[in-house]
Amino acid sequence: LLVALSLLVWGSLLTWSHTDPTLSQMPLGQLPMGQAPAVAPSNAFGTLGAGTSDLMLHGLGFVSVFAMLPFCFWGVSMMLWQRVSRWRSKLVLWLISIVALSGALAAVPTVSAWPLRHGFGGFTGDFVYALAAQCLNAINAVHGGTAAGLFLFAGGTAALLGSLGAG
């Protein structure tokens, strides 16, 4: 089930389009309650896939691709050995990795073709990166932002590897 869920989410992310009708595309006063959108989404998994991928990309940016990786590994572990060893610590490391890596991707300048309001790390990454950069700017105002991005990347990568069981 975890492997299938990971594959479904990855499929919805691969077929995401910023033009799909989702909640982020509609003004708050015009949210359709129980109505089908006027335009069919181009996402391979329909409205649910479009909404899921849109929410993940707005919230986490490109880290959404890595967000499902541990679930896939845990699913394989459950198929082979009927359990996930140290699952509590792996779950905590997964949460840390997602937050840290989204902050690291927010440090990367966006290109003009990027269709979202937030950077490559989503709104979570923008917040985490701004907080880390502000703390490190107190030490070195010139390189605080770069150092914040590098620290977040190193910590997030280590936490992601730990959540996969490689640490």
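Helices here are DSSP runs of H or I with at least four residues, and they are numbered from the N terminus.

Figure 1. Welcome to the whole protein, shown as a predicted model. Its secondary structure comes to 7 helices and 0 strands, and reading along the sequence gives the pattern α-α-α-α-α-α-α. Of the 167 residues in the protein, 41% are buried. Among contacts between residues at least 6 apart in sequence, 64% join residues that are at least 24 apart.

**Figure 2. Close-up of α1 against α2.** This view pairs helix α1, residues 2-14, with helix α2, residues 46-60. Their axes lie 8 Å apart and the packing angle is about 80°. Angles of 65 to 115 degrees count as roughly perpendicular, so that is how α1 and α2 sit relative to each other. On the α1 side, look for Val9, Ser12 and Leu13, which meet Gly49, Ser53, Met56 and Leu57 in α2. By class, this contact of α1 with α2 has 4 nonpolar and 3 polar residues, with no charged ones.

**Figure 3. Close-up of α4 against α5.** Here helix α4 (residues 69-81) meets helix α5 (residues 87-106), with axes that come within 10 Å and cross at roughly 160°. Angles over 145 degrees count as roughly antiparallel, and α4 and α5 are therefore roughly antiparallel to each other. The crossing of α4 and α5 is right-handed. Pro70, Phe71 and Trp74 make the contact from α4, while Lys90, Leu91 and Trp94 make it from α5. The residues in the contact of α4 with α5 comprise 5 nonpolar and 1 charged, and no polar ones.

Figure 4. Gln82 has a phi near 60°, a positive value in a residue other than glycine. Arg86, also not a glycine, has a positive phi of about 50°. Is Gln82 buried or exposed? With a relative accessible area of 65%, Gln82 is exposed, because the cut-off for that class is over 50%.

**Figure 5. Close-up of α5 against α7.** Helix α5 also packs with helix α7, residues 144-164, at an angle of about 150° and with the axes 7 Å apart. That angle makes α5 roughly antiparallel to α7, and the crossing in which α5 passes α7 is left-handed. From α5, the contact is made by Lys90, Leu93, Trp94, Ile96, Ser97, Ala100, Leu101, Gly103 and Ala104. Across from them in α7 are Gly149, Leu152, Phe153, Gly156, Thr157, Ala159, Leu160, Gly162 and Ser163. Sorted by class, the contact of α5 with α7 divides into 10 nonpolar, 7 polar and 1 charged residues.

**Figure 6. Two cysteines and their surroundings.** A disulfide is a covalent bond between the sulfur atoms of two cysteines. How many disulfides does a search of the whole structure find? The count is 0. Cys72 has 15% relative accessibility and counts as buried, because buried means under 20%. Cys135, in contrast, is exposed, with a relative accessible area of 51%.

Key
Residues numbered from 1 in each chain as written. Predicted model: local features only at pLDDT ≥ 70, side-chain atom pairs only at ≥ 80, totals over all residues. Heavy atoms only, no water. Disulfide = S-S within 2.5 Å. Buried < 20%, exposed > 50% of the residue type's maximum accessible area, 1.4 Å probe, protein only. Axes fitted to C-alpha atoms, helices over the stretch in contact; angles between N-to-C directions. Helix = DSSP H or I, 4+ residues; strand = E, 2+ residues; numbered from the N terminus. Parallel < 35°, antiparallel > 145°, perpendicular 65-115°, else oblique. Left-handed = near helix turned anticlockwise from the far one by under 90°. Contact = heavy atoms within 4.5 Å. Nonpolar A, V, L, I, M, F, W, Y, C, P; charged D, E, K, R; others polar.
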